[in-house]
Amino acid sequence: ACTTPTARASWVSFRPCSRPRCSGTPTASASRIDQHGACSRVSRYPSIWGYRAVPGWPCACTIGPMKPFRGVFTPIITPFRVDGTIDEVGMRSNVARWMTTPLTGLVVLGSNGEAPQIEDAEADIVIDVVRSAVPRDRPVIAGTGRESTRATIAATQRAAEAGVDAVLVRTPSFFKSQMTTEVFVRHYTEVADNSSVPVLLY
C-alpha cells in the first residue's frame, strides 16, 4: 500500500493506507503527489542523485501544500558565560543584530549551536529566548534531533509549543550498524506523526 494524504499535516510524512498499490516511477524528488492523492513509490536510500523507485516501498507524500522555506537562514551559535551557563543576554544581543539584516530567519540548535552538548532544559531556554526575540513574520527553525525517537518527539513537541516554525531532525547515529533505511523511515515517520510543525530531515 502506498501513503496517502491526511488533513492534519502539511509536510513530508509516511502513512500506510488501503489504496491499491501504486506503480513506482523514478523521480528526483523525495515527495510527489497530485491533488487526488496519487503518489510515486520511491525508496529512501540516500543518494546525491535523488531517490529511485522500488516496488513495495512506501512512497513519500506531501500532505497538503508544503510550507515554503525560501531565503537565507543562518545557523546561529549558542553563547555561554564563563561558568558554562547559557548567556541569554548575549544571545538576545546577537539576535537583535541579526534582525537588522535581510536574513529570512534563524536556525537555532544546529551544529553551530552546540546542540549535542547541551541539556534539554538548556535547549528549551535557547529556543524560548530566540523565538521571543525574533518577530513572528520571520521564521525560526530549531534542531530537535536526539538519539532516541521518544526523546526526539518530546523535544520536537516542546519546540513547537515554544512557537518555532519548523524543526530540524538529525538521524540517530550512536548505534550506527543498526541504522538501516527501515529504521530511519520508522524514526522520521513517528516524529512527523507526532509533530504539529514541519519536520526537516537533517
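Leaving aside neighbours within four places in sequence, which residues is asparagine 94 in contact with? The views below come from a predicted model, where local features need pLDDT of at least 70, side-chain atom pairs count only at pLDDT 80 or more, and totals for chains, interfaces and linings use all residues. Residues are numbered from 1 along each chain as its sequence is written, and side-chain values use heavy atoms, leaving out hydrogens and water.

**View 1. Asparagine 94 in helix H1 (residues 88–98).** Helices (H or I, at least four residues) and strands (E, at least two) are DSSP runs, numbered from the N terminus. Beyond its sequence neighbours, asparagine 94 is in contact with Ile77 and Pro79 (heavy atoms within 4.5 Å). Asparagine 94 counts as partly exposed because its relative accessibility is 26% (buried is under 20%, exposed over 50%, partly exposed in between; 1.4 Å probe, protein chains only).

**View 2. Arginine 146 in the loop between strand S5 (140–143) and helix H3 (149–162).** Arginine 146 has 17% relative accessibility, so the residue counts as buried. Not counting residues up to four places away in sequence, arginine 146 touches several residues, among them Asp120, Arg158 and Pro172.

**View 3. Helix H2 (residues 120–133) packing with H3.** The angle is about 25 degrees, and the axes lie 10 Å apart (axes are lines fitted to C-alpha atoms, for helices over the stretch in contact; angles run from 0 to 180 degrees between N-to-C directions). H2 and H3 are therefore roughly parallel (under 35 degrees; over 145 is roughly antiparallel, 65 to 115 roughly perpendicular, the rest oblique). Asp120, Asp124, Ile127, Asp128 and Arg131 in H2 meet Arg158, Ala159 and Ala162 in H3.
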